[in-house]
Amino acid sequence: MPEPPFSIEHAVHALGLPKNSTVVLNDLMISEESKATGIIKRTGLHRHLVYEALKFLEMKGLVKRVERDGVAHFQLLSFDTMLHEAESRYHTTTQLATYIA
């Protein structure tokens, strides 16, 4: 059976991000920076869901909030944070497997 085409949204979701956060992150991957209203319009997600996702992504270190003229803009940051978390989980799992074996 042929492998399905690569989807960034599916790949990011597979790394453990909630669906709405994945949708918002995918939108910011395309636009790099946006006001929440732009994300709401482009994604079709409810305003509350977009703000929750942005808060979650900020907490994860993937998105940064920047104020310009009193208006919040959200910028996509590096995926280094997500890569570091994956490496840390791999290291912990390896140690656990060695301990159990």
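These are my notebook entries on one predicted model.

**Confidence**

I started with the scores, since this model is predicted. The chain averages a pLDDT of 86. I noted that 90% of the residues score at least 70. Which elements have the lowest and the highest mean pLDDT? Helix α1 (residues 8-14) has the lowest, at 70. Helix α3 (residues 36-43) has the highest, at 97.

**The sheet**

Next I looked up the strands. Three of them form an open sheet in the order β1-β3-β2, and the pairing is antiparallel. I marked β1 (33-35) and β2 (63-68) as the edge strands, since each pairs on one side only. Neighbouring strands of this sheet are turned by 30° against each other on average, direction ignored. I then followed β2 and β3, which pair over six bridges. One residue I checked there was K64, whose bridge partner in β3 is Q75.

**Helices across the sheet**

I turned to the helices. Helix α3 lies across β1 and β3 and runs at about 95° to β1. Helix α4 (residues 47-59) lies across β2 and β3 and runs at about 110° to β2.

**H73**

I picked H73, which sits in strand β3 (residues 71-76). Is H73 buried or exposed? Its relative accessibility is 17%, so H73 counts as buried; the cut-off for buried is under 20%. Leaving aside neighbours within four places in sequence, I found H73 in contact with several residues, among them E33, K64 and R68.

**Salt bridges**

How many salt bridges does the structure hold? I listed three. Side chains of opposite charge can pair when their charged atoms come close.

My entry for D27 and R42 reads 2.8 Å, N to O. D27 lies in helix α2 (residues 19-31) and R42 in helix α3, so this pair ties together parts that are 15 residues apart in sequence. D27 is buried, with a relative accessible area of 8%. R42 is partly exposed, at 47% relative accessibility.

My entry for R68 and E33 reads 2.1 Å, N to O. This pair links R68 in strand β2 with E33 in strand β1, 35 residues apart. R68 is partly exposed, with a relative accessible area of 36%. E33 is partly exposed too, with 27%.

My entry for R65 and E67 gives 3.2 Å between the closest N and O atoms. R65 is partly exposed, at 42% relative accessibility. E67 is also partly exposed, at 46%.

Conventions:
Residues numbered from 1 in each chain as written. Predicted model: local features only at pLDDT ≥ 70, side-chain atom pairs only at ≥ 80, totals over all residues. Heavy atoms only, no water. pLDDT = per-residue confidence, 0-100. Helix = DSSP H or I, 4+ residues; strand = E, 2+ residues; numbered from the N terminus. Buried < 20%, exposed > 50% of the residue type's maximum accessible area, 1.4 Å probe, protein only. Contact = heavy atoms within 4.5 Å. Pairing = 2+ DSSP bridges. Axes fitted to C-alpha atoms, helices over the stretch in contact; angles between N-to-C directions. Salt bridge = Lys/Arg side-chain N within 4 Å of Asp/Glu carboxyl O.
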